[in-house]
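Here's a quick walk through one protein chain for anyone meeting it for the first time. Have a look at the picture, then read on.

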Amino acid sequence: MKHLLHLCCWGMLCIASAYADSLDSLAQFLKTTRSWRSEFVQVVTAPAKEGRPVKPKTASGVFAFIRPNVFRFDYSKPYVQNIVADGQQLWLFDADLNQVTVRNQAQTLGSTPATLIASAQDIAGLSKDFVLKAVPSEEGLEWVVATPKTKDSGLQSVRIGLRTDTGQALLSQLDILDAFGNRSQIRFERMEINPAYLGLGYFTFVPPKGADMVRP
C-alpha cells in the first residue's frame, strides 16, 4: 500500500512537472525570440448551425514581428490582405476593396493574440492581460491556455502550442476561440528566429495610390 502511494505521488509530480514545462517554454520563447518571421496557414471554423455543414476557411501568408511594438500579417491566399502594426498605427489593407483602414495601435490591440506573441516581453508582462494555465501536451506540442482578464476583449481563450528544437522554444500553433464561438487555428512553418535582416523598415506601411482611406 505504501509502495502504491509512493508511485501515485511520483506520478502526480511528473504530471505537474510536465505541465510546468509548457510555461517554462513560453517564458523562454518570450525572452529569447526578439524578432521572428515565418509562414503560416490559418483555418477558421464558424460555430455549427443546425442543418448546415461546417465549412472551414483556409488562408495562408507570412507573419513577422519585432518586440514589443511592431508586427505584420501578409495574407497571400486566397486573397491579398495586409495587417501592419508600425508602433503607432494599425493598418489593414483589403486589396479586393482597395481600402485601407487605420486605427490607433495602442487603443486597438489590447488583449489580442498579437499581444501574446509579438508584444509581451516576458511572462510577468503577459500575465497583466491574461490568466495563463499550463495544460497537458497534445500532438507533440506543449500547451498553455491564455484567458483574457478583460471581458470585452473579444476573445474567450487562446491555446499556445510550443515545441523545443535544439534547445530553442518555438511557437508552433495558436488556437483562438473568439467571443462569438469562431475558432481560428494558425500553424507556423519555416520559422526564422531573430533574423539579422529584419528591420523596422519592414513594418512601414505605405497606402497604395487610389486606395480609399477609412479612419473609424
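Predicted model: local features only at pLDDT ≥ 70, side-chain atom pairs only at ≥ 80, totals over all residues.

## Two strands side by side

Strand 10 pairs with strand 11, which covers residues 183–193, in the antiparallel sense, and five bridges join the two. One of the pairs to look for is Leu 174 and its bridge partner in strand 11, Ile 186.

How many residues sit between strand 10 and strand 11 in their hairpin? There are four, and in that turn Gly 181 shows a positive phi of about 90°.

## The other neighbor

Strand 10 also pairs with strand 9 (residues 155–165), again in the antiparallel sense, this time over 10 bridges. Pick out Gly 161 and you'll find that its bridge partner is Gln 173 in strand 10.

Strand 9 and strand 10 make a hairpin too, with two residues between the strands. Thr 166 in this hairpin has a positive phi near 50°.

## Zooming out

Now for the whole chain. It has four helices and 12 strands, and 39% of its 216 residues count as buried. The chain exposes about 12,300 Å², with carbon and sulfur atoms supplying 56% of that area.

Contacts tell another part of the story. Among those with a separation of 6 or more, 49% come from residues 24 or more positions apart.

Key: Residues numbered from 1 in each chain as written. Heavy atoms only, no water. Buried < 20%, exposed > 50% of the residue type's maximum accessible area, 1.4 Å probe, protein only. Contact = heavy atoms within 4.5 Å. Areas by Shrake-Rupley, 256 points an atom, 1.4 Å probe, with all protein chains shown as cover. Pairing = 2+ DSSP bridges.
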